[in-house]
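Here are my notes for your review. Please read them alongside the model.

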Amino acid sequence: MHDRSSEAPGAAGRDRRAERGEATRAKLVRAARELFAKRGYADVGTSEVVERAGVTRGALQHHFPRKKDLFRAVYEQAELEIVEATAAQLSTEHDPMDLLT
């Protein structure tokens, strides 16, 4: 367990707020990804994303001031997942050229 006795007062509260903020951001990205995949970016309103994520409009605006910022986060997450999956696959092969055949 982490000993917080040497940290400044309020550090634990900041850590919890940061964790909640990260969780809220993840909910928004997950909800947007599902909706964008199903209906496309142009046909999804931010109110739908907020409702699906179960957060407030203010939370959305805090993390993603514009809808395109939310789309960028969805794209970056998908890109990261592809890179990680590719790296994992490559790490199991002795010769990466074997993957091409």
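1. Partly exposed means a relative accessible area between the buried limit, under 20%, and the exposed limit, over 50%. Glu48, at 28% relative accessibility, therefore counts as partly exposed. Bear in mind that this is a predicted model.

2. Glu48 has a charged partner. Arg39 forms a salt bridge with Glu48, with the closest N and O atoms 2.6 Å apart. Arg39 is partly exposed too, with a relative accessible area of 34%.

3. Helix H1 covers residues 11–39. Its 29 residues reach 42 Å from first C-alpha to last, close to the 42 Å expected. Just after H1, Gly40 takes a positive phi of about 95°.

4. What does the buried side of H1 pack against? Its buried residues, among them Leu28, Val29, Leu35 and Phe36, pack against helix H2 (46–53), helix H3 (57–63) and helix H4 (67–92).

5. Glu81 pairs with Arg33, the closest N and O atoms being 2.9 Å apart. The pair links distant parts of the chain: Glu81 in H4 and Arg33 in H1 are 48 residues apart. Glu81 is partly exposed at 35%, and Arg33 is partly exposed at 29%.

6. Asp69 is buried at 14%, whereas Arg72 is partly exposed at 43%. Salt bridges with shared partners join Arg66, Asp69 and Arg72 into one network.

7. Tyr41, Phe71 and Tyr75 make a nonpolar patch of about 300 Å². Phe71 lies in H4 and is partly exposed, at 37% relative accessibility.

How values were computed
Residues numbered from 1 in each chain as written. Predicted model: local features only at pLDDT ≥ 70, side-chain atom pairs only at ≥ 80, totals over all residues. Heavy atoms only, no water. Helix = DSSP H or I, 4+ residues; strand = E, 2+ residues; numbered from the N terminus. Expected span 1.5 Å × (residues − 1). Buried < 20%, exposed > 50% of the residue type's maximum accessible area, 1.4 Å probe, protein only. Contact = heavy atoms within 4.5 Å. Patch = residues over 30% accessible without salt bridge, like charges linked within 9 Å, V, L, I, M, F, W, Y side chains within 5 Å. Areas by Shrake-Rupley, 256 points an atom, 1.4 Å probe, with all protein chains shown as cover. Salt bridge = Lys/Arg side-chain N within 4 Å of Asp/Glu carboxyl O.
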